[in-house]
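Morning, everyone. Please look at the screen, and I'll walk you through a few spots.

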Amino acid sequence: MKERLAIVGTGIAGLGSAYFLKNDFDLTIFDSADYIGGHTNTVMVEEDGVSIPIDTGFIVFNHVTYPNLLRLFQTLDVPTKKVGHVF
């Protein structure tokens, strides 16, 4: 039998943790809101004539300071795009 583990919060930290721990623990996830996703909000943006979903919750995401989120995106085959500079 797997050990039980509780995760509080369904933002990217909670959901990312749950994804990577799902095979090792019996998880229960709690959130004070009546929806999952934390402060995320997906909007559609036109780029080169194609409508693409942009998640504004990760508007500050970059490849340098978010290595664990980058690992999650790579595991899920979520494409990312390097833009601008990290200061």
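One definition to start: a polar contact is a pair of N or O atoms within 3.5 Å, and within protein one must be able to donate a hydrogen and the other to accept it. Keep in mind that this is a predicted model.

Now, threonine 10. Find the loop between strand 1, residues 3–8, and helix 1, residues 12–21; threonine 10 lies there. Is threonine 10 buried or exposed? Its relative accessible area is 5%. The cut-off for buried is under 20%, so threonine 10 counts as buried. Here is where our definition comes in. The side chain of threonine 10 makes a polar contact with the side chain of aspartate 31, at 2.7 Å. Leaving out residues up to four places away in sequence, threonine 10 also touches others, including Leu15, Ile29, Phe30 and Tyr35.

Next, aspartate 26. Look in strand 2, residues 25–30. Aspartate 26 has 39% relative accessibility. Buried is under 20% and exposed is over 50%, so aspartate 26 is partly exposed. Which residues does aspartate 26 touch, not counting those up to four places away in sequence? They are Lys2, Glu3, Arg4 and Leu5. Take arginine 4. It sits 22 residues from aspartate 26 along the chain, yet their C-alpha atoms are separated by 4.6 Å.

On to helix 2, residues 67–75. Which of its residues are buried? Leu69, Leu70, Leu72 and Phe73. Look down the helix axis: those buried residues fall within an arc of 160°, so they line one face of helix 2. They pack against helix 1. Now turn to the face pointing away from the buried side. There you find the exposed residues Asn68 and Gln74. After helix 2 comes aspartate 77, with a positive phi, near 55°.

Last stop, a pocket. How do we find one? Rolling a probe the size of a water molecule over the atoms shows where empty space is left. The second largest pocket holds about 240 Å³ of space. Its lining has 15 residues, and Ile12, Ala13, Gly16, Asn68 and Leu69 lie nearest its centre. Helix 1 and helix 2 are the elements that give two or more residues to that lining. Which element gives the most? Helix 1, with five residues. By type, the lining divides into nine nonpolar residues, five polar and one charged.

So, back to helix 2: Asn68 is on its exposed face, and Asn68 is also among the residues nearest the pocket centre. Thanks, everyone.

Key
Residues are numbered from 1 along each chain as its sequence is written. This is a predicted model: local features need pLDDT of at least 70, side-chain atom pairs count only at pLDDT 80 or more; totals for chains, interfaces and linings use all residues. Side-chain values use heavy atoms; hydrogens and water are left out. Helices (H or I, at least four residues) and strands (E, at least two) are DSSP runs, numbered from the N terminus. Buried means under 20% relative accessible area, exposed over 50%, partly exposed in between (1.4 Å probe, protein chains only). Contact means heavy atoms within 4.5 Å. On a 1 Å grid over the protein atoms alone, a cavity is a set of points where a 1.4 Å probe fits but cannot get out, and a pocket is an open set with protein on both sides within 12 Å along at least five of seven lines; lining residues have an atom within 4 Å of a point. Grid points are joined across faces, edges and corners, and a volume is the space filled by probe spheres set on the points. Ala, Val, Leu, Ile, Met, Phe, Trp, Tyr, Cys and Pro count as nonpolar, Asp, Glu, Lys and Arg as charged, and the others, Gly among them, as polar. The arc is that of the directions from the helix axis to the C-beta atoms.
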